[in-house]
Amino acid sequence: MADSGENSALFPIFILSVIALPLVPYTILKLLRAASKRDKSIHCECSVCSRSGKHHKSIFRRISSFLTCSNLTVLLLWVIVAFLVYSIKQSSREIEAFDPFSILGLEPGVSESVIKKAYRRLSIQYHPDKNPDPAANKYFVEYISKAYQALTDPVSRENFEKYGHPDGRQGFQMGIALPQFLLDFNGASGGILLIWILGGFILLPMAFGVVYLSRASKYGGNFVRRETLATYFDLVKPSLAPSKVLDVFIKAAEFMDIPVRRADEEPLQELFKLVKSELNLDGKNARQEQAKFWKQHPALVKAEMLIQAHLLRKADTFSSNLQQDYKNVLQLAPRLLEGLIKMATVPRTAKGHGWLRPAIGVIELSQCIIQAVPLSARKAGSGSSDGVASLLQLPHFSDAVITKIGKKVRTLQDLQDMTFQERAELLSGVAGLSASVLQDVEKVLELMPRATIEVTCETEGEEGIQEGDIVTVQAWVTLRRANGLISALPHAPYYPFSKGENFWFLLAHTNSNDVWFSESVNFMDEAAAITTASTITEAKLEASGASMEEITAAVKDAVTKVKSGCRLVLGKIQAPQAGNYNLNCHLMCDTWIGCDTKTNLKLKILKRSRAGSRGGLVAEGVQGENGLEDEDDIEEDEEGDQSEYSEDEDEDEEEDEAEVEKKNNNRKGFANGSARRKGRK
């Protein structure tokens with residue numbers, strides 16, 4: 001075994017190696033990510049958002065954003081590395097090989113007289129009688145004297161010249177790069193190392209693993225409690241109306257942890273008066289409904305009223321305690337809503353489909369929470385499926401402003417279709433808005449996303465789609481903004497946290513309320529989107545037998561499309577029984593109201609023949625036996641964009657709208673091809 005001093009000296013080198021191996025590449029990766037961030041602002045710069053201070057980075061917020069757990073850990077590890085490097089440098093002399101010629105400043109092979117002369121010269125400099133410095137005394141005794149003795153003794157000098165050591169040939173030495181205190185405890189070294197290995201490398205990791213797994217077992221995806229997901233799964237029904245989604249949403253187990261204080265009783269009673277009109281209470285049995293509402297778990301009652309007050313933009317009236325609870329509720333909202341969407345679209349039916357109506361309701365609730373718009377504002381008005389909700393999200397817009405411009409502008413689309421001059425004349429002349437307000441409105445309109453969808457459904461390697469086939473759904477989603485940005489943070493001054501845009505792609509059959517395929521689409525992470533598009537494109541072309549040149553060109557085109565604002569969505573579905581299906585492709589944003597896109601996809605499923613032969617590709621529409629489009633076979637399930645928040649609609653009015661919708665929706669599609677639809681302008 002090597003000397004214990006050498007083992008202790010090697011321990012810092014061992015620790016430095018263990019830390020540096022993962023630390024160096026991880027630090028380089030973090031620096032590259034930080035350098036790749038765009039300098040261009042991606043948040044709304046209107047005066048309303050600026051006053052909210054949500055995106056303003058003060059010195060304290062900048063320091064807080066830097067002092068994250070990850071950054072602090074990296075910084076601490078680099079401090080440890082610097083300390084270890086310094087320690088190794090200081091102790092390097094102690095572990096250097098003994099070289100008497102080097103110590104005396106001589107070349108190998110010199111005569112004994114030269115050795116004595118060098119010794120006398122160094123003695124004058126380091127001898128205790130000549131130099132009172134303790135360090136000089138130590139160096140003279142431990143190095144100079146030993147070097148002189150080794151070179152003046154014939155045997156020692158011969159051993160050193162032959163074997164490199166004054167004592168002759170040395171055997172192979174092994175050591176453990178651990179400090180002495182780990183190997184020797186109160187003079188007993190037997191079994192101490194085994195105890196350290198057992199405790200430090202086995203028991204301690206196991207303890208951390210048990211704690212981690214016990215906590216992780218409580219949470220599902222996106223850090224949502226499994227108890228919450230189970231509750232959502234049980235409460236979501238296929239007929240769940242969008243106006244009733246909030247009643248399901250507030251049943252989350254996370255909201256049960258909201259503190260219920262006696263001091264909050266009076267403020268909550270006052271808050272109930274403000275939000276009473278927005279609660280789903282039956283007007284005929286108001287007292288019974290109110291009593292039933294207050295009998296719920298106090299934390300859930302509190303959470304629902306806080307959310308309703310947020311939708312009415314009354315959060316500024318909260319006390320300090322309610323303010324903290326309010327922020328906790330809204331901070332939990334995005335991930336809980338995402339979990340609720342997944343519980344709505346998870347396969348429920350025998351065919352493996354989710355439910356469309358509750359999924360749309362959850363996304364619309366998310367839009368209202370981010371924009372702080374009451375659910376009642378979504379009730380369909382004249383010409384608008386979103387009511388006045390889409391206009392209320394614009395800065396400085398109120399019910400009074402919307403009423404003034406109601407003769408010319410009924411929907412957000414109407415306002416966007418106007419030229420800048422027309423909008424300025426309308427908002428300043430009719431609504432009486434100032435020039436600064438007009439500028440804020442223009443900034444938000446330029447920030448709003450406009451999406452287009454290109455969808456294809458095909459059975460790979462086959463011309464047609466037969467029942468039971470695995471169908472590949474591929475969609476290119478393209479996002480455009482008037483200000484040129486691809487990824488951005490929405491205008492949401494009343495939501496106290498930064499929330500990125502998230503889009504949901506839903507391939508659904510409206511008549512049966514089935515979601516065939518759903519996928520989340522995010523435009524914030526371009527690097528991940530490039531990787532996904534490249535991998536999918538390469539795998540698809542390799543399976544089709546394309547050449548390397550074709551694959552390289554296709555991958556390059558896919559990367560270019562992603563950089564220009566496109567995202568690739570890919571999924572697999574099983575073809576249902578033979579027939580003609582009129583599907584809807586929904587692209588819904590969870591942060592903006594009125595920026596959703598929907599297109600038709602006509603799909604023809606052929607009967608599976610005994611011989612396994614397949615019909616040819618139907619180029620356009622869905623054709624009958626005579627080669628013409630058979631209207632009786634096509635399921636016309638277009639319901640328009642009518643909001644489901646309005647439950648008492650006149651039946652005659654619905655029939656008239658259906659006729660108009662049927663005439664205007666003469667869109668083209670492909671049975672085993674594609675459907676393309678531009679989003680709202």
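How many residues lie between β4 and β5 in their hairpin, and which residue in the turn has a positive phi? Four residues separate the two strands, and N513 in the turn has a positive phi of about 65°.

This is a predicted model, in which local features need pLDDT of at least 70 and side-chain atom pairs count only at pLDDT 80 or more, while totals for chains, interfaces and linings use all residues. Residues are numbered from 1 along each chain as its sequence is written, and side-chain values use heavy atoms, with hydrogens and water left out.

Strand β4 covers residues 503–509; helices (H or I, at least four residues) and strands (E, at least two) are DSSP runs, numbered from the N terminus. Seven of the seven residues of β4 are buried, buried being under 20% relative accessible area, exposed over 50% and partly exposed in between (1.4 Å probe, protein chains only). Both faces of the strand are covered, with F503, F505, L507 and H509 on one side and W504, L506 and A508 on the other. Strands count as paired if DSSP finds at least two bridges between them. β4 pairs with β5 (residues 514–521) in the antiparallel sense over seven bridges, and H509 stands opposite D514 in β5. β4 also pairs with β7 (residues 579–589), again antiparallel, over six bridges; there C589 is the bridge partner of F503.

Nine bridges join β2 to the antiparallel strand β3 (residues 470–480), where V473 stands opposite C457.

Turning to the helices, α7 (residues 134–152) has 19 residues and should span 27 Å at 1.5 Å a residue, which agrees with the 26 Å between its end C-alpha atoms. The expected span is 1.5 Å times one less than the number of residues. α7 bends by about 40° at F140, the bend being the angle between axes fitted to the seven residues ending there and the seven starting there. F140 is also among the buried residues of α7, which include I144, A147 and L151. An α-helix has 3.6 residues a turn, so residues three or four places apart point the same way.

α16 bends by about 40° at A333, and the proline P334 follows within four residues.
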